[in-house]
Amino acid sequence: MGVAHDATTTSIEEAPLAADRPVSGLADELVDHRFKALPPDAEGLTVGALAAERRNLFTGGFTTPVLALSAESVEHNLALLETYAERHGLAFAPHGKTSMSPQLFARQLEYGAWGITAAVPHQARVYRAYGIRRIFLANELVDAPALRWLAAELDSDPEFRFVCYVDSVRGVELMDEALRAAGASRPVDVVVELGAGEGARTGARTEADCVAVAEAVAAAGTLRLVGVAGYEGEVPDASAERVRAWLDRLVALAVDLDRAGRFAAGEQIVISAGGSAWFDAVAEVFARIPELSAPVLKLLRSGAYVSHDDGHYRHLTPFNRVPEEGALQPAFRLWAQVVSRPTNEQAFLNAGKRDAAYDLDLPEAQVVRSGRDGTVRPATGVSVTGLSDQHAWVRTEPGAELEVGDWVGMGLSHPCTSFDKWQLIPLVAADGTVTDYIRTFF
């Protein structure tokens, strides 16, 4: 088994930065009809030239609806998770599916991320196109064309590190077959995924199943077993006790596989978990990982923290349970205009399902900006009750002042389905100045 190492101090190499050139190259993209809400008179400018003008979101010619991302809140959230991971001895590979933004990936890496997590091959291809050198794919990869692409990427770049799930013997067989056919010269690093329980999502359901998968990996010359992983957010009827119990199982599985000599020699042992709702439990249990035969990479994968939100994660964030650790700030605000006021109790905005996340909660009316004089006031007595494709249904209580032409600023729930509706998102300072534009690739 080799010499034991203290697992309480995670060995983390210098974080790989995305290549500067491709990310900076996004500034050369032309502003045109593809991008919602950008000023019509900016047509033909480059994104960089438009950003340099530092226009105001409200007076600079933007059309509604327009999604804004708070520059200050994004920076606050990036710094907070870096501090949290360092404090708890965790490496960090935030899930990139949340934003699919190479600019935000670069910032996450600058704030100490080990790499970026992906879910599907397309995401990994975007990451590689923008210079990401470490990718953790939180899924089993059995697509032969994707595996051919992966083999070529690994063969062409010795510095590229890729790790993905395996959760079935058949999956291992398909990976091995495709990689052999592709003539892969570098083995693909894999981690056995332990399912979160009956009725949960993916993952081998029992420890015996995990051992069978590990044995299949050992028999496949194209793969290397480097650890274990899973997603505690899928624990049925999740509670702190149930989540910790499953995490204890994950750690015990790693210990057993290590004692059996199943992990690749000379490599860090990867133990990975951690969505955006239970990373405090992950930190607690991972702090108790015993000495193993190699250093342990304790890899957290939370992704929603970058923008946070005003609904789902506002209620679920672990910082509610550990307020002494800090607090995330919601960074999104969707601005729409009142385009109809048919009765004293009803109004309609020009933003709907095509613009706002609605899979978990409806948008939350927060502030009203007067269409007459630009003054801003709380959206007292104003609530969103439904969404059509291009309209928000608004109920107004007696006394609520709202008229056609007013702008309503709304908080959103669920970052993953907020980012994916916008290809170019203004990054806005507190005074309304647009400092940059965040490009997404969904």
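Start by selecting Phe286, which touches Leu90, Leu247, Leu250, Val251, Ile271, Ser272, Ala273, Lys298 and Leu299, leaving out residues up to four places away in sequence. Keep in mind that this is a predicted model.

Now widen the view to the core. Phe286 is among the residues with the most contacts inside the largest nonpolar core, along with Phe162, Val188 and Ile271. That core has 136 residues, and helix α9 gives the most to it, with nine. Nonpolar side chains tend to be buried together in soluble globular proteins. For a second, separate core, pick out Ala93, Ala138, Leu297 and Leu299, which are among its 13 residues.

**Next stop: helix α9**

Select residues 240–259. How far apart are the end C-alpha atoms of α9? They are 29 Å apart, which agrees with the 28 Å that 20 residues should span at 1.5 Å a residue. Colour the buried residues of α9: Val243, Trp246, Leu247, Leu250, Val251, Leu253, Ala254, Val255, Leu257 and Asp258. To see what covers them, show elements including α8 (207–219), β7 (223–229), β8 (269–273) and α10 (279–286).

Zoom in on Leu247, which sits in α9. Is Leu247 buried or exposed? Its relative accessibility is 0%, so Leu247 counts as buried. Show its contacts, apart from neighbours within four places in sequence, and you get Glu232, Ala273, Ala281, Val282, Val285 and Phe286.

Before leaving, step past the end of the helix: α9 is followed by Gly261, which has a positive phi near 70°.

Most residues other than glycine have a negative phi, and most peptide bonds are trans. Here are some exceptions to click on.

- Asp237, in the loop between β7 and α9, has a positive phi of about 50° although it is not a glycine. Asp237 is exposed, with a relative accessible area of 64%.
- Met100 lies in the loop between β2 (91–92) and α4 (102–110), and its phi is positive too, near 45°. Met100 is buried, at a relative accessible area of 1%.
- Thr64 and Pro65 are joined by a cis peptide bond, with omega about 0°. You'll find Pro65 in the loop between α2 (47–53) and β1 (66–70).

**A helix pair**

Select α5 (residues 121–129) and α6 (residues 144–156). Their axes come within 11 Å and cross at roughly 25°. Angles under 35 degrees count as roughly parallel, so that is how α5 lies relative to α6. The crossing is left-handed. Show side chains to see who makes the contact: Pro121, Ala124, Arg125 and Arg128 from α5, and Ala146, Trp149 and Glu153 from α6.

**Last stop: Glu325**

Go to the loop between α11 (312–316) and β10 (332–343), where Glu325 is placed. Why does Glu325 count as buried? Its relative accessible area is 13%, and buried means under 20%.

Conventions: Residues numbered from 1 in each chain as written. Predicted model: local features only at pLDDT ≥ 70, side-chain atom pairs only at ≥ 80, totals over all residues. Heavy atoms only, no water. Helix = DSSP H or I, 4+ residues; strand = E, 2+ residues; numbered from the N terminus. Expected span 1.5 Å × (residues − 1). Buried < 20%, exposed > 50% of the residue type's maximum accessible area, 1.4 Å probe, protein only. Contact = heavy atoms within 4.5 Å. Core = buried A, V, L, I, M, F, W, Y, C linked by side-chain atoms within 4.5 Å. Axes fitted to C-alpha atoms, helices over the stretch in contact; angles between N-to-C directions. Parallel < 35°, antiparallel > 145°, perpendicular 65-115°, else oblique. Left-handed = near helix turned anticlockwise from the far one by under 90°.
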